[in-house]
Amino acid sequence: MKDMDHAVHRLILAMRRKEKIMIYGDYDVDGTCSVALVYHFLREIYDKVEYYIPDRYKEGYGISEQGIQRAVENEVGLLIALDCGIRAIKLINQARKQNIDCIVCDHHRPGDELPPAHAILNPKQEGCQYPYKELCGCGVGFKLLQGFCQQTEQSPDPLYRLLDFVAIAIGADIVPITGENRLLAYGGIQEINERPRPAWQALLQVASIRPPLTIEKVVFGFAPRINAAGRIGHADAALRLMLEQDQEKAYQYADALHQKNAERRHFDSSITDQALNMIEADPQLTQAQSTVLYSKDWHKGVIGIVASRCIEKYYRPTIILTESNGKAAGSARSVDGFDVHDAIAACADLLEQFGGHASAAGLTLCVENIPKFQERFEQVVAERITDEQKIPQIPVDLAISLTEITPKLYNIIRQMAPFGPGNMRPIFVSENLELVNQPRLLREQHLKLEVCQNGCEPLNAIGFRMPHLYDLVQENQPFKMAYSVTENYYNGQTTLQLEIKDLQLMEK
Ligand SMILES: [Mn+2]
């Protein structure tokens, strides 16, 4: 990896000179896991090390003025920036003037100019021959420590014990689970399942996750709770949890994050309800090909999430606007295959500013232009969207019969784990299915079925958050179902379970 020698030698020199080292990370899961990894590793072998995570609201993303100031006050000689820094030209220059050297470990795309850091580790930078480009920030931090172990001829085993942090960062940052990421994620998940540190034991409990842990459970169970620290409060709370050795204290920290996450969820869902009510109250909006909604009271921090939630119910290009500094600021989300950025660009004369890419974009406009924009955007979408883009697609890997679903098949599938982007859990489809028993609705939202095909041995199926399919299966008519195969643990027993993606009645 380009600059690895420089980075490792600078780290060794700092220890030899007894310089203070500051580990600086971002406030999201990738950032906090990076800090936990590098801080934990260095602390075991060196005592002049501290960490710093900026405040999301007061300092914002990346290296901050306050962070540099703290480093100066604490007489830091070396700053290691993790999951950020690649565009912090001004601030790294400022640090340099105060005799603080920086090592940047980042995976974000570099700009035209690179910061004046002592060393920059980033597989995406020009001239870096490192073959795998999809590492997350924590993965790059791991490579630095791996390089350090090699150079100092230390056993990498203590470092491998910390792969759990890398696995959680990989899952939460939604990087592809391919190549080296898949290997790192595999090792880290195994670490958590065999020797969970107090933080993970506590999170498993507060999130009611049944072991074994998988990348999918990291994404839905761990990531929102770790992220909640930085969203409602300060991300230091996530670090405290991850580094805690005492199980009792870890439970208290995890529980606090769990409460914060519940608060955040309540916030999202009340705004989503308001948005959906606005669509349902207006027949013209209900029938439209696009969603454009505005309320001056919505929190700017959640309008992107609200746009995504609206798409779950009304599957079409969606823009949620709120008031910000006297203007309307919005977040756009699209459906598969439709370029929402292009569609917004076609309304450019009504806008102040816009930017983004095909699937997600941001925009600002004058409040009085909203009705005109709403009308024009609808017109553009209606002209451009194809019939195919109006229906959510489920990529099916294979049509099979239920008798083929055996523990042996499941063991083969399991060898392809960990699953995630670039390596999704396979999805099957089976036709002519029938119910064995009455369908059930668990907690009014999860659909639970017992299905069979041509009188075969029945299998359990579960559809998470699919209350709308409950009425459909009541029709007492054969149906086809897309699903993936998972395991269910209940009362100490493990059985195969089909996780429903969707189902349709067979045509008569
Ligand atoms: Mn990241």
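Modeller: Two strands pair if DSSP finds at least two bridges between them. Helices (H or I, at least four residues) and strands (E, at least two) are DSSP runs, numbered from the N terminus. This is a predicted model: local features need pLDDT of at least 70, side-chain atom pairs count only at pLDDT 80 or more, and totals for chains, interfaces and linings use all residues. Residues are numbered from 1 along each chain as its sequence is written.

Biologist: How many bridges join E3 to E4?

Modeller: 5 bridges join strand E3 (residues 76-82) to strand E4 (residues 101-105). The two run parallel.

Biologist: And which residue is the bridge partner of leucine 82 in E4?

Modeller: Cysteine 105.

Biologist: What is the strand order in the sheet?

Modeller: E2-E1-E3-E4-E5, an open sheet with parallel pairing. E2 (49-52) and E5 each have a single partner strand, so one side of each lacks a neighbour in the sheet. The twist averages 20° from one strand to the next. Angles run from 0 to 180 degrees between N-to-C directions, with axes fitted to C-alpha atoms, for helices over the stretch in contact.

Biologist: Which strands does H5 touch?

Modeller: E3, E4 and E5. Contact means C-beta atoms, placed from the backbone, within 7 Å. The direction of H5 makes about 120° with that of E4.

Biologist: New topic. Is glutamine 129 buried or exposed?

Modeller: Glutamine 129 is exposed, because 7 other C-beta atoms lie within 10 Å. The cut-offs within 10 Å are 20 or more for buried, 12 or fewer for exposed, and partly exposed in between, with C-beta atoms placed from the backbone.

Biologist: Where does glutamine 129 lie?

Modeller: In the loop between strand E5 (119-121) and helix H5 (137-151).

Definitions and conventions
Contact = placed C-beta atoms within 7 Å.
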